[in-house]
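Subject: Structure handover

Hello,

Here is the structure I promised to pass on. Please open it beside this email.

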Amino acid sequence: MFRVSQFMHELVAPTPVGPRRNPPGPVVIWNLIRRCNLTCKHCYSISADKDFAGELSTAEVFEVMTDLRGFKVPVLILSGGEPLLRPDIFTIAEKAKAMGFYTALSSNGTLIDEAMADRIKGIGFDYVGISIDGIGATHDHFRARQGAFAESMGGIRRCVARGIKVGLRFTMTMDNAAELPQVVDLMESEGVTKFYFSHLNYAGRGNKNRLDDATIQITRDAMDFLFDTAWKHAGAGREREFVTGNNDADGPYFLSWVKRHFPDRAGHIAAKLVQWGGNASGVNVANIDNLGEVHPDTMWWNHNLGNVRNRPFSAIWQDVSDPLMAGLKRHPRPVEGRCAACAHLAACNGNTRVRAQRVTGNVWAEDPGCYLTDEEIGLA
Ligand code: SF4
């Protein structure tokens, strides 16, 4: 994840450059249920509106949470499927809060009616991320359901009205790229302060729709737009948070943007990017799926590291006998091709390994999702 607004603040008020540090435990994205009331085009968990057998029970979830707390996991992101379809979601969330986790909910928003919004507020979720993939019919098309946009926006409004911190999550493809500015505009009109931009990753249903991925130029235009917008807010002292995910080349591309607009700050930003360190799958980001399988992140459902029913998460996560985990835990990683020769490897860390694996079969191949030119990565 690349925290755009944090880097914008480095332009306004630079902070000292320190060493790259890993937090004590990873952020855990937990897909507690695979069932979903929608069937979105880019769904990485290939969810459906039916029950999936073998999901973790409440007692099993609690047991895992105790291990996670002991392992110093700071954040739980409760996800799905649609997590609000899990009957014990509020019991789990209440326990997570009581145990001291920063507790977030990742929802499609369509089920958040007044009563549900009251319960979300009552639990004290620290953050609720709701996906919006375009305006009106575009969102409905992505979400494969007429009326989904109105329902999701209703959920957002009910949360905002209760003072819950909400973020808009936007996954870009060729089909919705043109609507990015309108979706960003929703932040101001709806009183939302956070925007999460996700590049399409090649996993789950996203993998089957790879040919719809935005072209390199569209990606660059989108990043320029996001950087310009985030800068306008940061420069005006407005608290807005822009973050991006699924493409760590965003960091080095931000450096190109800084060189164009604030050349005197480029050295500082380059050092801060190295401090950030790029892709953190398998290190600072972890995933547990609905069946208890642990993965290096949410896009790695094709690679199981172990099951929390058989072994504590803390043991699975530290085990580097799995060659993928051993490689992911190296910094910089043992990447090949353009990534190996790239001038920004220390800042990007070779980007998204699952994309390389899906496209080439080689997990350490250069990331085919890199949208930087040879000149920008120091090859030309
Ligand atoms: S070439 Fe690889 S390491 Fe360099 S910016 Fe692109 S994805 Fe990152």
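Below are notes on the sheet and then on the salt bridges.

This is a predicted model, in which local features need pLDDT of at least 70, side-chain atom pairs count only at pLDDT 80 or more, and totals for chains, interfaces and linings use all residues. Residues are numbered from 1 along each chain as its sequence is written, and side-chain values use heavy atoms, with hydrogens and water left out.

The sheet

The sheet is open and has 11 strands. Their order is S1-S8-S7-S6-S5-S4-S3-S2-S9-S10-S11, with mixed pairing. S1 (2-3) and S11 (306-307) are the edge strands, and each pairs on one side only. Strands here are DSSP runs of E with at least two residues; helices are runs of H or I with at least four; both are numbered from the N terminus. Two strands count as paired if DSSP finds at least two bridges between them.

Within S7, Tyr196 is the residue opposite Arg169.

The salt bridges

Side chains of opposite charge can pair when their charged atoms come close. The rule used is a side-chain nitrogen of Lys or Arg within 4 Å of a carboxyl oxygen of Asp or Glu. By this rule there are 21 salt bridges. Three of them follow, with the accessibility of each partner. Buried means under 20% relative accessible area, exposed means over 50%, and partly exposed is in between (1.4 Å probe, protein chains only).

- Asp51 and Arg35 meet at 2.9 Å, N to O. Both lie in the loop between strand S2 (27-31) and helix H2 (58-70), so the pair ties together parts that are 16 residues apart in sequence. Asp51 is exposed at 62%, whereas Arg35 is partly exposed at 22%.
- Arg157 and Glu190 have their closest N and O atoms 2.9 Å apart. Arg157 sits in helix H6 (residues 148-161) and Glu190 in helix H7 (residues 180-190), so this bridge ties together parts that are 33 residues apart in sequence. Arg157 is partly exposed at 44%. Glu190 is buried at 16%.
- Asp319 and Arg311 have their closest N and O atoms 3.1 Å apart. Asp319 is partly exposed at 22%, and Arg311 is partly exposed at 34%.

There is also a network. Salt bridges with shared partners join Arg3, Lys165, Lys194 and Glu241.

Best wishes
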